[in-house]
Amino acid sequence: MRQCLTAPDGGYYTTNRDGRDQFGKRGDFVTSPEISQIFGELLGLWLTAEWHIQGRKKNGVEIIEVGPGRGTLMDDILRSISNFKPLASSVENIYLVEASPSLRATQKELLCGDSPFEEVPIGHRSISKYAGLPITWCEDIRFVPSRPEKTPFIFAHEFFDALPIHAFQSVPPSKTSPHTLTTPTDQISLNAPSPEASKPQWRELLVLPVASSSLITTTSQSKEPKADFQLSLAKASNPSSLLLPAQSQRYKALLPTSGAVIEISPESRSYAAEFARRIGGSTKANPSRSSALPPAPHKSEPSGAALILDYGPSSTVPTSSLRGIRSHQLVSPFTSPGEVDLSADVDFTALAEAALGASEKVEVHGPVEQADFLGQMGIHDRANQLIRALDKKGGAGSGADVSRSSGVEERKTIIRGAVERLISRLPGRGMGTLYKVLAIVPERGGRKPVGFGGDF
């Protein structure tokens, strides 16, 4: 997944193919910020509410977004919080974690206009059109400074679904014990049969090239290109299958079910742990923390928050969810590498476990369905506000939702339709149930954040 999506040469997000945009109606998929400005505005409102709850800090606030797409979400967030002058004046830095040079250029144009785009030790920097705030682009969150005196507000919208996964299948006990253990570099001879051979085992599902004979066909009615790769069950245990499923009791409980398939994303757990560490500090040893990351600083007072919005099951382990997306249609993830978007369901419970394991000074709330979150944040009130503005101005319009349409009633229809798509629970028609929202906030005795049952 990493190679297909972000390889410097030929990656889906890192290669600009004839100026083709991955986002929007002409691209491969549409995200919530592209559907309506209201989405980003409500996330800005959520940031504002958390800032209030945490004592209205006068300085040291930082806003971080991982996987910022075209920059639309950050643009709406910054425009929204610019209406709250004390908060806006407390923001010192904005960081965008983006691996794609072409997407960085798109984000810079939207957020900074003609401001210079200069190279700095940790990436690139420019000046935002909102209050002259500095925006720094980094290729990895490891390069974003982590200082205990700062208050980071972190957003991850449709980011975790693109992080690499490992897939494992449970196999019944072997009648004959294997005499070798396969590693990435060699096969190790075993002096004695493994005692694990008498128990069910996890075997990794590996991506392997399709045998050339499999590509020879006679007549076919399918317009979809034949897959270049396929999933194949490993013949023996490997280090990944021995270590990763042992991280959680949830995986262990599924092991006795022969044929059960689970998906695990170590990188997702690492990011969730990093979010928690930046908010609450690291108060105990964290084995999931990558050795490539700098030592966690002590943070005397937890502050900041993280909001994760993505799709996946609320509590169950994702299974067989790897998919390809092209021109708004599901396609095989094993065809046209680098030309097809790849994603997999997010394991929200695993993210929560990683966050709570990384810092004792954070709480996790959710996941809740996107429909409930946006409803509590006031999506209908904001939509009605935009509609009233249209009536008052005689159709002059307001915001990105209506800028390219003509006619007051048509613009109203666009606003209502966008809201319906964001919160509809009907299968195949909306995002209200499919998408979930999870929050990581400072420990405060279980007080729920806004959007999760709490109030301002």
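**A helix, a sheet and a ring pair**

Guide: Helix α12 (residues 379-392) has 14 residues, which at 1.5 Å a residue should span 20 Å, and its end C-alpha atoms are 20 Å apart, which agrees. The expected span is 1.5 Å times one less than the number of residues; helices (H or I, at least four residues) and strands (E, at least two) are DSSP runs, numbered from the N terminus. This is a predicted model, where local features need pLDDT of at least 70, side-chain atom pairs count only at pLDDT 80 or more, and totals for chains, interfaces and linings use all residues. Residues are numbered from 1 along each chain as its sequence is written, and side-chain values use heavy atoms, with hydrogens and water left out.

Visitor: Within what arc do the buried residues of α12 fall, seen down its axis?

Guide: Buried means under 20% relative accessible area, exposed over 50%, and partly exposed in between (1.4 Å probe, protein chains only). In α12 the buried residues are I379, A383, L386, I387 and L390. The arc is taken from the directions from the helix axis to the C-beta atoms. The buried residues of α12 line one face of the helix, because they fall within an arc of 95 degrees.

Visitor: Which exposed residues does the face of α12 turned away from its buried side carry?

Guide: The buried side is covered by elements including α3 (37-53), α11 (370-377) and α13 (408-423), where contact means heavy atoms within 4.5 Å. The face turned away from that side carries the exposed residues D381, R388 and K392.

Visitor: Which strands stand at the edges of the open sheet of nine strands?

Guide: Two strands pair if DSSP finds at least two bridges between them. The order is β3-β4-β5-β2-β1-β6-β13-β18-β17, with mixed pairing. Each edge strand has a single partner, so one side of it is left without a neighbour in the sheet; these strands are β3 (118-120) and β17 (362-369).

Visitor: How many residues apart are F159 and Y271?

Guide: F159 and Y271 form an edge-to-face aromatic pair, 4.9 Å centre to centre with 70 degrees between the planes. Rings of Phe, Tyr and Trp (its six-membered ring) pair if their centres lie within 6.5 Å; planes under 30 degrees apart count as stacked, over 60 as edge-to-face and the rest as tilted. F159 lies in the loop between β6 (151-157) and β7 (166-171), and Y271 in helix α9 (residues 266-280), so the pair links distant parts of the chain, 112 residues apart.
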